[in-house]
Amino acid sequence: MNSIPKNLSSLADYLGFRLQNAFLNFSELQQIHCQILTNGYFHSNSLVTNFLSSCFRSQKSRYALVFLQNLPGAEPSLWNSMIRVSLESGVCPDFLGFFNGMLLNNVVPSKTSFSLILRSCAISREAQLGEAFHCQILKMGFEFDMILQTGLLDFYAKVGDLRYAQRVFMEMPRRDVVANNAMISALSKHGHIEEARNLFDNMTDRNSCSWNSMITCYCKLGDISSARLMFDGSPVKDVVSWNAIIDGYCKSKQLEAAHELFLSMGSARNSVTWNTMISAYVQSGEFGTAISMFQQMQSEKVKLTEVTMVSLLSACAHLGALDMGEWIHSYVRTKRLKIDVVLGNALIDMYCKCGNLEAALDVFHGLSKRNIFCWNSIIVGLGMNGRGEESIAAFTAMEKDGLRPDGVTFVGVLSGCSHSGLLSAGQRYFSEMLGVYCVEPGIEHYGCMVDLLGRAGHIKEALELIRTMPMKPNTMVLGSLLRACHIHNDTKLSEQVTQQLLELDPCDGGNYVFLSNLYASLNRWDDVKICRKLMNQRGVHKTPGCSSIEVNNIVHEFVAGDTSHPQFSEINGFLDEIAKQLEGLGHVPNTSSVLHDIEEEEKEGAIRYHSERIAVAFGLMSTPPGRTIRVVKNLRTCRDCHSAMKLISEAFKREIIVRDRKRFHHFRNGSCSCNDYW
């Protein structure tokens, strides 16, 4: 062994110092084992406990058990300590080995050990194992111990056996506030609100947990009014009370009320409070607000947790805010937060949706464990970015890893095949879904296949697939067929499909505009008027194109034709510069997507102010040369903007990545990753 450092007065001190290491190899453990035995240190409970804990950290639990079984005069406290350590490690066979070793050595487990065992069985939902320890508790004579009885009540409630939990409660010779709280929690968890309220009302002694259990109970049932009455009536509001009612409002989609309470808490807010609000804004689609709240959280120096990171990464993914996402990833690494499958999947999803597949793959390959969600994120991400063959390769690798694909996996593979024109591969995977993988195709899979067939020009086959579907086509399926008709200039079928879409969704303004333009292209002006009149009568408006771009950690949004941005005059000037560059490169505007009854010059002006054009212009003028421009758009990009982006990437020597509602387009050196197959 190494020499003893001068600041350590004895060999025992040195051994304790060595055992503080996070990981020791087997040879090092054996050396320390020898020193403990040869120097008589086996009488030092603290040193022996540290040694046994180090064995667990070093994944040598069996060695720890053998050591303890052969230790002369091992005290009961050592055995009970190892029960705790083994339970904390989460390895059930190890904990059972130590428990059986205790019994073989005639050591009676402590009440604390039984409490820890019951809690572990409840968390892992090991019903039979917990019942076996219930018998052990009775054998050991602890049947009237209130703490263990409460632990049993909680165990049975958490494994779903409310009847036995109630039996344990009724057989308790006396019940304190903790036991009553546990029973209220059990009843509320199983939806027995009236019984929980009766028990609460009859309690002579209540604490904050009693009130919080009832607040949580009402919130879970969606009865936010009763929860608020309980909250307002509580004489002992703590941070848990506030967090419970705020979470209740968030889950009821009443974010304004939740935010009012959030502000009222003041300095009492903790990381759970912040995470609840951030998560609620993300789930409600208010991603910008979520990021603003995170920035406020930082300014108040609140501790960031893995939960914070997951919610924020989801917001970054939706906004395409790569800079913020990269900062979060850097923070995770700097603070050495554990990247488990949940946080890992959030990082993969963020990078994929921001168009940085290399970073997504780095995270994916760096995970020690990958679940179906991680695989699905990478398969879907590759497909969305037009890398269909790699998406298929990931599907094959997932199978080799022993995971079975689910419905989401097939959406990823089929959409990847569609975006990359892999017709035969897509047909094969679709045909194998039920027979080979036992996954029932849903309407989303039929939508992918209609898209795949339609893009490839097999419109008759797409129509036949729709006709033989086991369910009625929805707007997604018919929308895929309509895009195929548009690509292949089938005006007759386009009209029929659009009429069907209007019947399915009479509030979608995009369908009216498409039909109006179709009629105009055929000089059917009376039909154009009818179409416009219908829109006005029904109060329908086309969803305006909206694009966002992140610059210096601020997400800027632009709406088609909107001039409200504070820098719009500079942006407009830059759009003039872009138009000159495009004209010099021979670009002729394609105005087919603009309403047909306006002058051609007006059409060109309308296209020029499409939201992605404005966002790209802002990005070019606001970022240094060579910086990738990343834009997220709410609608499918038009043909003219697609052609223009290719030329802009060439003229300004920039990579431009546009994520529209269907897929990614990576524009580089005058070409697009989609190879104009979109």
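Phe-395 is buried, at 0% relative accessibility. Here buried means under 20% relative accessible area, exposed means over 50%, and partly exposed lies in between (1.4 Å probe, protein chains only). The model is predicted: local features need pLDDT of at least 70, side-chain atom pairs count only at pLDDT 80 or more, and totals for chains, interfaces and linings use all residues. Residues are numbered from 1 along each chain as its sequence is written, and side-chain values use heavy atoms, with hydrogens and water left out.

A search of the whole structure gives 20 aromatic pairs. Rings of Phe, Tyr and Trp (its six-membered ring) pair if their centres lie within 6.5 Å; planes under 30 degrees apart count as stacked, over 60 as edge-to-face and the rest as tilted. The ring centres of Phe-395 and Tyr-437 are 5.6 Å apart and their planes stand at 80°, so this pair is edge-to-face. The pair links distant parts of the chain, 42 residues apart. Phe-395 belongs to helix α24 (residues 388-400), and Tyr-437 to helix α26 (residues 423-437). Helices (H or I, at least four residues) and strands (E, at least two) are DSSP runs, numbered from the N terminus. Tyr-437 is also buried, with a relative accessible area of 9%. Elsewhere, Phe-99, Phe-114, Phe-133 and Phe-142 form one aromatic cluster.

Charged side chains also meet rings. A charge sits over a ring if NZ of Lys or CZ of Arg is within 6 Å of the ring centre and within 35 degrees of the ring normal. Lys-237 lies over the face of Phe-231, at 5.2 Å from the ring centre. The charged end of Arg-370 is placed over the ring of Phe-364, 4.7 Å from its centre.

An open sheet of six strands has mixed pairing and the order β2-β1-β3-β4-β5-β6. β2 (554-559) and β6 (671-672) are at the edges; each has a single partner strand, so one side of each lacks a neighbour in the sheet. Two strands pair if DSSP finds at least two bridges between them. Strand β1 (residues 546-551) pairs with β2 in the antiparallel sense over six bridges. Ile-549 stands opposite His-556 in β2. The two strands β1 and β2 form a hairpin with two residues between them, and Asn-552 in the turn has a positive phi of about 55°.

Strand β4 (residues 656-659) pairs with β5 in the antiparallel sense over four bridges. Val-658 has His-665 in β5 as its bridge partner. Four residues lie between β4 and β5 in their hairpin. Strand β5 (residues 664-668) is joined to β6 by two bridges, again antiparallel. Phe-667 faces Cys-672 in β6. This hairpin has two residues between its strands, and Asn-669 in the turn shows a positive phi of about 50°. β5 is mostly covered, with four of its five residues buried.

Among the helices, α7 (residues 111-124) and α8 (residues 127-139) have axes that come within 9 Å and cross at roughly 160°. Axes are lines fitted to C-alpha atoms, for helices over the stretch in contact, and angles run from 0 to 180 degrees between N-to-C directions. The angle makes α7 roughly antiparallel to α8. Angles under 35 degrees count as roughly parallel, over 145 as roughly antiparallel, 65 to 115 as roughly perpendicular and the rest as oblique.

Asp-161 lies in the loop between α9 (146-158) and α10 (162-171). Asp-161 is partly exposed, at 22% relative accessible area.
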